[in-house]
Structures are given as structure tokens and as C-alpha cells.
Amino acid sequence: MSHSMSRRDWLRILGSSGLAAGVGSLAGRNAGAQESGFQSSIIASNKIQENRANPTIVDGRVIQPQRELPVLHSTDVLVIGGGSAGVCAAIAAKRAGADVCLVERYGHFGGLWTGGLVLIILGHIVTGNKQVCQGIGEEMMRRLDKMDGAIMNRRPGSNPTVDAEATKYLMVEMVEEAKIDVFLHCWGVDAIMDGNAVRGAVFESKSGRQAILAKVVVDASGDGDLFAAAGAEFEHRSHNIGLVSRIANLDRVDPAKAGDAPKPRPLGSVTPVRGVNWINMRGPEVDGLDVATLTRMELNHRKFIWQSTQRTRQTPGYEQVYLTETAPQLGVRITRVLHGLHTLTRDDLRAGKRFPDVVGVGGSENGQHDEWQIPYGALLPRKVDNVLASGRCISAEMRMADLVRLIPNCFVTGHAAGAAAAVCAADGCTPREVEVAKVQKVLKEQEAYLG
Ligand SMILES: Cc1cc2nc3c(=O)[nH]c(=O)nc-3n(C[C@H](O)[C@H](O)[C@H](O)COP(=O)(O)OP(=O)(O)OC[C@H]3O[C@@H](n4cnc5c(N)ncnc54)[C@H](O)[C@@H]3O)c2cc1C
């Protein structure tokens, strides 16, 4: 930047994005004049952390005492996780008339789609290139299409690929347009229970441990963190965990110069940014719920990506290729999968089974099979109430997992869960009792395709 921004500039920008209230409250305080040009104030001097309930060691065991939690927010529908499923769920619920709160552990929306740099949207089509992912997912793609350099290969059958930053931007725009209450940097750690029913969730953030109360909760965490915390039954699976990266300057490569030198490793697939490719990584099959494993994957994958890019640069003609970024989010594909009222099976897909409680239609990677219906029961735990699953953790047998987890199918199940949650909140019923015909009506009004 050619000039530094003044405090006034920042307040103006923050004000236009609706964040001015919190920042403005500092403006009248004892803003310390800083010789450096930065601003910093003492918010409270000599403070001791409030609301502490430190665990103690009792007989060699660490014991957490009971404590009251501050309630950060109350809402109709609480969506936990702002990935492709969660953002669709939140928008669907809000457009259906519910108050919605969307909570995300990181600082951006999109989950694996953006933070995981999984830029290719596979699975929105079936045989004959018919597009079955409609509704909010399709709206996102349409809107990306209108933005400069945001999406390429939009035509069905040609694997749409997005720019991660454009997609993060669009999601902020759509979430703000819908006037959804958002809390970022909030990690959902527990379910608040009333008997068998979920009534909200507990979050950890820099503000401490707080509660959000809700009439209905949508678990869009990808890993089923909330339904697991509530005691719902699930299958714990391992899968390949990789780390996606992007490399640049491919438009400056001169392969002719390589001569007989060993070929560099595969250079990935194109993105909307000229000369920049994204490189997928399969990685080893491991347990994505084990923190020591996740740590090892991050460290190993980061070393591998850096070193292999350096090797590429040593190939004549490839000297200018460089690593622009490794994905901030590790590529965890599958961990917990709900045991739902209905489990999606490959046999049902092959038979083209139709369900009276259909709430979405799934597609395939390259349109290699017909459409398959997703029944509402695949989002519902068998016993625990008031929580709906969405995205890659809905109820599906092993042979369906690699289809269910594709981004468009996550759009579809997120959309369905959000619409259902809004109907429950309006009708004062639980997800198990909801009139599915009403949910289907809302979904159709929101341009979802139900077969
Ligand atoms: C390496 C890799 C390659 C892939 N390739 C493709 C491909 O080519 N095409 C394709 O269509 N799909 C592909 N997929 C699958 C696809 O990217 C994901 O399955 C899909 O994006 C999952 O969406 P989701 O919303 O269900 O979950 P996620 O994207 O995982 O979103 C979950 C969100 O919840 C947040 N969260 C998690 N836990 C908590 C918590 N406790 N509290 C608060 N927030 C929480 C996360 O930060 C995240 O934002 C790939 C996946 C991987 C890992």
C-alpha cells in the first residue's frame, strides 16, 4: 500500500460492514497517543480473568468443576460450522423466516471448499450432464459467474473451479445480505441438553466458554461434533487425509528446456487465476479425530509440499514456479458419520429408489450415474432430538461416503437441513415431528431440485 490508513479510514470501513458498534466504543476512551502511529488503549488495568472455574487435580485426576455459563445469544436455528453445508443451511433457514445464528471455528466461511483449497465442484450433475444441484448451491455458482475471475468451467460436465478468495467474499456477502447473526472464532465443544433434546451448544473462544441457546441445531461441522456431543450414534471412520496447495508462475514454465531431466511432480489443475494451479493430495488413511495424528499430518504434508516444490524449481524451465500457499485447513475427508433414521446405500442409488420424504437429489463426480434421492431420515439421529446433520457427516454407508461428501451434495443436504430447521422453529415441533411436505414446499420455493 502506498499510504497507511488512518484510524478514521478504518472506522469508516468497519462501519460500512456493520462492525462499528464494538470498535466505536473504544473511540471515546483514553486512546493513547502512540509515536509509532498505531493506536492502543488500556481497556482495563490490572484485570483478573472473570468466570474462572479452574480444573484441579484430585487424586491424580484432572477434575472440572461445575459452573454457570454466560449465554452469548438465543436464536431459532443455530448452525454449527460455516462450510459449504453450513452456509447453505443458514441462508435457507433465514430465508424461510427463522432467526439464525451461524458459528464457525475459523475466520472465514467455506470450510474445505475455501480453507481446504478444494476448488473443484464435482458432483452437481448426473447422466446426460443434467444438473441436480440447484437452490442455494447453484445460486452461489451463478453469482460467482458474475464476479471477475471467480469461477471457470461453469458449463455442466466441465467441472466448475472457483477462486477461494472470491468464494469467501461471496459467502460473506450472502450471509450479510440474509442478516444472519455470525460468530467466528467460536469452536462448538458441547451440546446443551434437555433430556433427549438438544437446546443449544457451548462454545470456546477468546471470550471464554459461552452458551448459545436455540430451538433447533444444525450440525454442519463436517465431523458431527455436535451430534456426537449430544450422544447420537455414529460410525467412526478413517479416510485419506491430505493437504491441498496452490503453485504459481506456471505460465512462465518452458518445458522444452527440461530436455532429459526427470519430469517434475504433477503440477495440479487449473484455477481461474492465470498461471496458478491447485494440487490435490490423497494422503494416508488415518483417523481424523486423533489430535496427534492431525498434528503429524500437518507437519509431514507441509514439509513434503515445500520440498517437492523446490525439486520442481530445480528442473530446467521450471525455475520460476513457486508455492503460493498451503491450505490453512487440513484435508480431512470423513470422520464421524451419523447412524440416522435412514442410511443412504449404493443399492438404493443403483435402483434409483424414490423416497416420500425426499429433501434433495445427489449427483456424481462426472455424471457417470443417474440421480439418487436423499431422504430426510438421512439427516436425523435415531434417538437424540432437535439436531439435524448436514454435509459430509450425514447417514450413509461406506460405499456412499465419497459421493455424499462432494461439495454440491453438501450444498444440497445443508440447504435441506436449514429449511427443515426453520419449519420446526416456526411450527414449534422437533425435527422428528416436522411435516416433511412443508419442508419440501419451502425447498421448492427456494428453487431446490427434489427429482
Ligand atoms: C483433499 C480433499 C479433496 C477433495 N476433493 C474434492 C473435489 O475434487 N470435489 C468435490 O466436490 N469435493 C471434494 N472433496 C470433498 C469436499 O471438499 C468436502 O467433503 C466438503 O467441502 C465438505 O463440506 P462440509 O460443509 O460438509 O464440511 P467442511 O467443509 O469440513 O465444513 C465444516 C465447517 O465447520 C467448521 N467446524 C468444524 N468443527 C467445528 C466446531 N466444533 N465448531 C465450530 N465450527 C466447526 C469448520 O471449520 C468448517 O468451516 C475433497 C475433500 C478433501 C479433503
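# A tour from helix α10 to the ligand

Select residues 407-427, which form helix α10; at 1.5 Å a residue its 21 residues should span 30 Å, and because its end C-alpha atoms are 30 Å apart, the expectation and the model agree. The expected span used here is 1.5 Å times one less than the number of residues in the helix, and helices (H or I, at least four residues) and strands (E, at least two) are DSSP runs, numbered from the N terminus. Before going on, note that this is a predicted model, in which local features need pLDDT of at least 70 and side-chain atom pairs count only at pLDDT 80 or more, while totals for chains, interfaces and linings use all residues. To find your way, remember that residues are numbered from 1 along each chain as its sequence is written.

Among the buried residues are S84, C88, I91 and K94. What covers the buried residues of α3? The cover includes strands β3 (71-80), β4 (100-103) and β12 (208-219), as well as helices α4 (135-145), α5 (164-177) and α10, where contact means that two C-beta atoms, placed from the backbone, lie within 7 Å. α3 is followed by G97, which has a positive phi near 105°.

Now show the ligand and the 38 residues around it, of which G81, G83, G111, G222 and G391 come nearest; a residue counts as near if its C-beta atom, placed from the backbone, lies within 6 Å. Coloured by class, the shell has 16 nonpolar, 15 polar and seven charged residues, where Ala, Val, Leu, Ile, Met, Phe, Trp, Tyr, Cys and Pro count as nonpolar, Asp, Glu, Lys and Arg as charged, and the others, Gly among them, as polar.

From the shell, follow β10 into its partner β11 (residues 197-205), with which it pairs in the antiparallel sense over seven bridges; two strands pair if DSSP finds at least two bridges between them. The two strands form a hairpin with two residues between them, and G195 in the turn has a positive phi of about 65°. Look also for M193, which stands opposite V198 in β11.

Then colour the chain by domain: the assignment, automatic or from a database, gives domain 1 (71-237 + 335-445) and domain 2 (240-332). Their C-alpha centres lie 29 Å apart, and the contact takes 16 residues from domain 1 and 15 residues from domain 2. The shell around the ligand draws at least three residues from each domain.

Finish at the open sheet of four strands, in the order β16-β17-β15-β19 with antiparallel pairing, whose edge strands β16 (269-270) and β19 (322-326) each pair on one side only. Four bridges join β15 (residues 245-248) to β19, and R246 stands opposite E325 in β19.

Terms used:
A residue is buried if 20 or more other C-beta atoms lie within 10 Å of its own, exposed if 12 or fewer, and partly exposed in between; C-beta atoms are placed from the backbone.
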